[in-house]
Amino acid sequence: FTGKTVEALTHDLTTFSRTVERLPGVAGVNLVGSAPTKAVIQMDAVAGAQKQVAASDVIVSAFKNWSFRYLFSRPGTTKEVLKVDLSSINDLKTLPVQNKAGADVPLRWISQIEETHAPASVLFGDGQDAVIMEVIKSPGRDALTIVDSIHRNLETLAASSQLKYTVLYD
């Protein structure tokens, strides 16, 4: 897919991939080259002390109260990485963190949160940003039926969102 910035492509195709995932016979969808949005949370030591919240309290609250996909903990480092499904950075800012007294404190009160995007990792044709959508077929399902369903949906998506697409392999 081409025709927009990698961030816009990622947004449009993430929504579209949810439609494709619901098609009969589709086991999964991967977006290759998409721009993952990540948020960097920098704890404010003074605000944390005033609200009685330590960085470890954020991690504990994440385990207990937040809905997240996974947590990376790197032994020997202080870096913790969470993957949380949120619609915007503002959702992250409102997540509650429990302080030492047991009260909930919004994450924005104790930290600075910055949203960043990774650079494009797939370029197509004349150097345009591109995102590849990989569809994984369920075992035992008819591949041609799945391809036909996806093609019908692709034409609708391309017409409604100004995207250009090239079928690389079907």
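The following dialogue goes through some features of a predicted model.

Me: What should I know before reading the values in this predicted model?
Reply: Residues are numbered from 1 along each chain as its sequence is written, and side-chain values use heavy atoms, with hydrogens and water left out. In this predicted model, local features need pLDDT of at least 70 and side-chain atom pairs count only at pLDDT 80 or more, while totals for chains, interfaces and linings use all residues.

Me: How many helices and strands does the chain have?
Reply: Helices (H or I, at least four residues) and strands (E, at least two) are DSSP runs, numbered from the N terminus. The chain has five helices and ten strands.

Me: How many of the 170 residues of the chain count as buried?
Reply: Buried means under 20% relative accessible area, exposed means over 50%, and partly exposed is in between (1.4 Å probe, protein chains only). Of the 170 residues, 30% count as buried.

Me: Which residues of H3 are buried?
Reply: In H3 they are Asp 57, Val 58, Ser 61 and Ala 62. These residues cover an arc of only 145 degrees around the axis, so they are on the same side of H3. The arc is that of the directions from the helix axis to the C-beta atoms. Phe 63 and Lys 64, on the other side of H3, are exposed.

Me: At what angle do helix H1 and helix H5 pack?
Reply: Axes are lines fitted to C-alpha atoms, for helices over the stretch in contact, and angles run from 0 to 180 degrees between N-to-C directions. Helix H1 (residues 6-21) and helix H5 (residues 143-161) pack at about 150 degrees, and their axes are 11 Å apart. That makes H1 roughly antiparallel to H5. Angles under 35 degrees count as roughly parallel, over 145 as roughly antiparallel, 65 to 115 as roughly perpendicular and the rest as oblique.

Me: Which residues of H1 and H5 make the contact?
Reply: Contact means heavy atoms within 4.5 Å. From H1 come Asp 12, Leu 13, Phe 16, Thr 19 and Val 20, and from H5 come Ile 150, Asn 153, Leu 154, Leu 157 and Ser 161. By type, the residues of this contact are six nonpolar, three polar and one charged. Ala, Val, Leu, Ile, Met, Phe, Trp, Tyr, Cys and Pro count as nonpolar, Asp, Glu, Lys and Arg as charged, and the others, Gly among them, as polar.

Me: Where is Gln 52, and what is its phi?
Reply: Gln 52 lies in the loop between helix H2 (45-50) and helix H3 (55-65). Its phi is near 60 degrees, a positive value in a residue other than glycine. With a relative accessible area of 42%, Gln 52 is partly exposed.

Me: Which residues is Gln 42 in contact with, leaving aside its neighbours within four places in sequence?
Reply: Gln 42, in strand S2 (residues 37-43), is in contact with Ser 111 and Gln 112. Gln 42 and Ala 55 are 13 residues apart in sequence and 9.3 Å apart in space, C-alpha to C-alpha.

Me: Is Ala 49 buried or exposed?
Reply: Ala 49, in helix H2, counts as exposed at 57% relative accessibility. Ala 49 is 61 residues from Ile 110 in sequence and 8.7 Å from Ile 110 in space, C-alpha to C-alpha.
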